[in-house]
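Welcome, and take a moment to look over the fold shown here. This report walks through its strands, its cores and a few individual residues.

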Amino acid sequence: MGLDQNHRVAVVTGGARGIGRAICLALAENDTHIYFNYSRSSESARETEALIKKKGGRVSSACADVSVEKEVQNFFSAVVKETGRLDVLVNNAGISKDGLLPRMKEQDWDDVIDVNLKGAFLCTRAASRQMLKQRSGRIINISSVVGLTGNPGQANYAASKAGLIGLTKSVALEYASRNITVNAVAAGLINTDMTQTISAAEKKKIAQRIPLGRIGEADDVAAVVAFLASDRAAYITGQVIHVNGGLYL
């Protein structure tokens, strides 16, 4: 299926649920064909597709592991072959495997870094090949407040999210001359499947520390991503936008 060149093409990694799903839905409002990958949750992927189509949006998805170079190459090659362009990349795919450092398994460290940080590197490299040809593009990395503050029991996750910020700033400098902007969104505690393991009592304690007095929603993050992906953000690059209700000031 070919696309008119006036239509934008966006790739959202980990778009099957949570923040990724909300981002897909937000971007679909702007006459954008959404492509997203998932690694395991095929049922959730079908639900996301149905929600986008219900809004009148265009969507395609594929099972691909962002930490595996060949799978990333195949995914992005298929997108570009089908559409002839790539306008937006949102590096959202992420996992967590929490544990205090003395008891953290090396595999748990590797798995989190591979998906959260290496995956963003592989996807950015693959997507930028087409963006550089076009001399235009938007890359948005989903980081976290813990990438700036740290968090006990999340050394691997915090390191991966801090790494995303360094990646964002470096690539922004490399690509600015080609009209490609690169920014990060540092999310606070957001109501998603990943945070369901936190007890209601603990969430209440955290909410009390947040100036706005509530836990964030996936749509709070998606709204900022949609702005950064738009023409209105053309003069913003290399920045970290905090979406955390004031938790980190």
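Helices here are DSSP runs of H or I with at least four residues, numbered from the N terminus. One of them is helix H7, which spans residues 200–209 and contains alanine 207. We will come back to that residue at the end.

The average pLDDT of the chain is 94, and 97% of the residues score at least 70. Residues 1–5 stay under 50, and the model has nine contacts beyond four places in sequence for them. Where pLDDT is low, the predicted coordinates should not be read in detail.

**Strands side by side**

Is S2 mostly covered or mostly open? It is mostly covered, as seven of its seven residues are buried. In a regular strand the side chains alternate between the two faces of the sheet. On one side of S2 sit Thr32, Ile34, Phe36 and Tyr38, on the other His33, Tyr35 and Asn37, and all of these are buried.

Strand S1 (residues 8–12) runs parallel to S2, and five bridges join the two. In this pairing, alanine 10 stands opposite isoleucine 34 of S2. Between S1 and S2 the chain passes through helix H1 (residues 18–28), in a β-α-β crossover that is right-handed.

S2 also pairs with strand S3 (residues 58–63), again in the parallel sense, over six bridges. Here tyrosine 38 stands opposite cysteine 63 of S3. To get from S2 to S3 the chain goes through helix H2 (residues 42–54), and this β-α-β crossover is right-handed.

S4 pairs in the parallel sense with S1 over three bridges, and with S5 over four bridges. Leucine 89 takes part on both sides: valine 11 stands opposite leucine 89, and isoleucine 139 in S5 is its bridge partner. Together S4, H4 and S5 make a right-handed β-α-β unit.

| Strands | Bridges |
|---|---|
| S1 and S2 | five bridges |
| S2 and S3 | six bridges |
| S1 and S4 | three bridges |
| S4 and S5 | four bridges |

In soluble globular proteins, nonpolar side chains tend to be buried together. The largest nonpolar core in this model has 34 residues, of which Ile23, Leu27, Val90, Ile140, Val185 and Val221 touch the most other members. Several elements give two or more residues to this core, including S1, H1, S2, H2, strand S6 (180–187) and helix H8 (218–228). Which element gives the most? That is H1, with eight residues.

Valine 90 shows what this packing looks like from within. Leaving out residues up to four places away in sequence, valine 90 touches Val11, Val12, Thr13, Ile23, Leu27, Ile140, Ile142 and Val225.

**A pair of rings**

How many aromatic pairs does a search of the whole structure find? It finds one. The partners are phenylalanine 75 and phenylalanine 76, in an edge-to-face arrangement with 5.4 Å centre to centre and 75° between the planes. Because its relative accessible area is 9%, phenylalanine 75 counts as buried. Phenylalanine 76 is buried too, at 3% relative accessibility.

Threonine 124 is found in helix H4, residues 106–134. Its relative accessible area is 5%, so it is buried. Beyond its neighbours within four places in sequence, threonine 124 is in contact with Leu89, Asn91, Ile139, Asn141 and Val171.

Finally, back to alanine 207 in H7. Is alanine 207 buried or exposed? It is buried, because its relative accessible area of 16% falls under the 20% cut-off. Not counting residues up to four places away in sequence, alanine 207 touches Gly213, Arg214 and Ile215. Glycine 245 is 38 residues from alanine 207 in sequence, with 9.3 Å between them in space, C-alpha to C-alpha.

How values were computed. Residues are numbered from 1 along each chain as its sequence is written. This is a predicted model: local features need pLDDT of at least 70, side-chain atom pairs count only at pLDDT 80 or more; totals for chains, interfaces and linings use all residues. Side-chain values use heavy atoms; hydrogens and water are left out. Buried means under 20% relative accessible area, exposed over 50%, partly exposed in between (1.4 Å probe, protein chains only). Two strands pair if DSSP finds at least two bridges between them. A crossover is right-handed if, with the strands pointing away from the viewer, the path from the first strand over the helix to the second runs clockwise. A nonpolar core is a set of buried Ala, Val, Leu, Ile, Met, Phe, Trp, Tyr and Cys residues joined through side-chain atoms within 4.5 Å. Contact means heavy atoms within 4.5 Å. Rings of Phe, Tyr and Trp (its six-membered ring) pair if their centres lie within 6.5 Å; planes under 30 degrees apart count as stacked, over 60 as edge-to-face and the rest as tilted. pLDDT is the predictor's confidence in each residue, from 0 to 100.
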